[in-house]
Amino acid sequence: MKPRGWCPVVFAAIIAGGACAAPFQPARDDVVLETLPFRPTDPGVRRLQVLHAQLAMQPGNLAIAVELARRYVELGRVTGDPRYAGYAQAALAPWWSAPDPPRDVLMLRATLHQRVHRFDDALADLRLALERNPRDAQARLTRATVLQVRGEFEAARRDCVALQTTVQELIAVACLANVDGNTGGLHSAYRGLRSALTHTPIADPGVRVWVLTGLAEMASRAGLFEDADAHFKAALAADASDQYLLAAYADYLLDRGRASEAATLVKDHTQADGLLLRYALALQRQRLPDASQRIAELRARFDASRLRGDRVHLREEARFALDLARDPKTALALAKENWTVQKEPADARVLLDAARAAGDRVSIDAIARWIEKTHLEDVHLVAAHPSG
């Protein structure tokens, strides 16, 4: 339900972009470069092969194309590999540029636009979906999420309120709690969502992970660290492959000085750039020799992303520049660019950290005004006030 970092490129463009960057050279022969998330014999892989063959024979078959695209979207979620976004788009090629595509294509297109932070395009698709059917709960919830990421909280709240008549109560409560938790109602939003979860049976693991992750993040920002730990662990029990969850929990562990646990959490998921960042941070904080090698690998990935025009991972690149490259000036420039696109608490924090490191009082004051305006509560941002 929350935005993940995806790259808006097709397979050929990724190959071309990657070829321009210097390849990462491991220092030893026994270095594990990547742990694949599945085997060629897995049923899911075989199903993809079947769908590919069917779509090649019937390129205009909407049902096949939609199923194939959805499977690629899921693979991208599990692996963090940006190529699957391009594969999904390619599967939908006959309808991708249509001004009025079928509903399933419209929602997949909006989802992929969201994942690559093309929020204006995502909102345009979601507006069309809701014009067709104002009771389209998926479109309504997705739009609320995008609006919140952009810092448009009142518009997001209106969509959450509209959901109350179309979805399970827990989902509507979670939607509102996410907004209220960023606009001055953190503690009450947390208590309300926790109560709703306690009294609502959930069959869908995706909903459970979404709600538990939201609770964990709210508890962390409220300084309720034991509760945050419990929620994160419960979410992992529901889905240990969720990339957003892994990144959020790793950040929490790093904040709590538990770098060893953070490294263990993400070490088998470093095919995703964001999780490799957390792994490198965890290794560095433990002063482990492998840290320099992982930092070099991460630098190469960011260089390659920049060459192919990918600006999705600006927040992560800013953290890399600040904490691993020790370059606060570059970190601040990246954090500012990121802030023009998304305004979640983590975005405010990296901008504030970079501004402090660079001694940029203007940016520090700007974040302080944003926090005051939105009433954002976060124990990690307490010192954001100009007088702090």
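The legends below describe close-up views of a predicted model.

In this predicted model, local features need pLDDT of at least 70 and side-chain atom pairs count only at pLDDT 80 or more, while totals for chains, interfaces and linings use all residues. Residues are numbered from 1 along each chain as its sequence is written, and side-chain values use heavy atoms, with hydrogens and water left out.

View 1. Side chains of opposite charge can pair when their charged atoms come close. A salt bridge is taken here as a side-chain nitrogen of Lys or Arg within 4 Å of a carboxyl oxygen of Asp or Glu, and by this rule the model has 31 salt bridges. One of them joins D104 to R70, with the closest N and O atoms 3.3 Å apart. D104 belongs to helix α6 (residues 103-115) and R70 to helix α3 (residues 62-79), so this pair ties together parts that are 34 residues apart in sequence; helices are DSSP runs of H or I with at least four residues, numbered from the N terminus. D104 is partly exposed at 29% relative accessibility, and R70 is also partly exposed, at 42%, where buried means under 20% relative accessible area, exposed means over 50%, and partly exposed lies in between (1.4 Å probe, protein chains only). A salt bridge also links the side chains of R103 and D104, at 3.7 Å from N to O, and R103 is partly exposed with 31% relative accessibility.

**View 2. Salt bridge between D273 and R301.** The closest N and O atoms of D273 and R301 are 2.8 Å apart in this salt bridge. Because D273 lies in helix α16 (residues 273-285) and R301 in helix α17 (residues 290-307), the pair ties together parts that are 28 residues apart in sequence. D273 is buried, with a relative accessible area of 14%, and R301 likewise counts as buried, at 17%. Elsewhere, salt bridges that share partners join R70, R103, D104 and D136 into one network.

**View 3. Packing of helix α19 against helix α20.** Helix α19 (residues 328-339) packs with helix α20 (residues 345-358) at an angle of about 150°, their axes being 8 Å apart. The axes are lines fitted to C-alpha atoms over the stretch in contact, and the angles run from 0 to 180 degrees between N-to-C directions. This makes α19 roughly antiparallel to α20, a term applied to angles over 145 degrees. Contact, meaning heavy atoms within 4.5 Å, is made by residues including P328, L332 and W339 of α19 and V350, L351 and A354 of α20. By class, the contact has 12 nonpolar, 1 polar and 2 charged residues, with Ala, Val, Leu, Ile, Met, Phe, Trp, Tyr, Cys and Pro counted as nonpolar, Asp, Glu, Lys and Arg as charged, and the others, Gly among them, as polar.

View 4. Y252 is found in helix α14 (residues 243-255) and counts as buried at 3% relative accessibility. Leaving out residues up to four places away in sequence, Y252 touches S220, F225, A228, D229, F232 and R258. The C-alpha atoms of Y252 and F232, which are 20 residues apart along the chain, are separated by 9.3 Å.

View 5. R278 lies in helix α16 and is buried, with a relative accessible area of 4%. Apart from its neighbours within four places in sequence, R278 is in contact with A247, A250, D251, L254, V266, E316 and R319.

Terms used: Helices (H or I, at least four residues) and strands (E, at least two) are DSSP runs, numbered from the N terminus. Angles under 35 degrees count as roughly parallel, over 145 as roughly antiparallel, 65 to 115 as roughly perpendicular and the rest as oblique.
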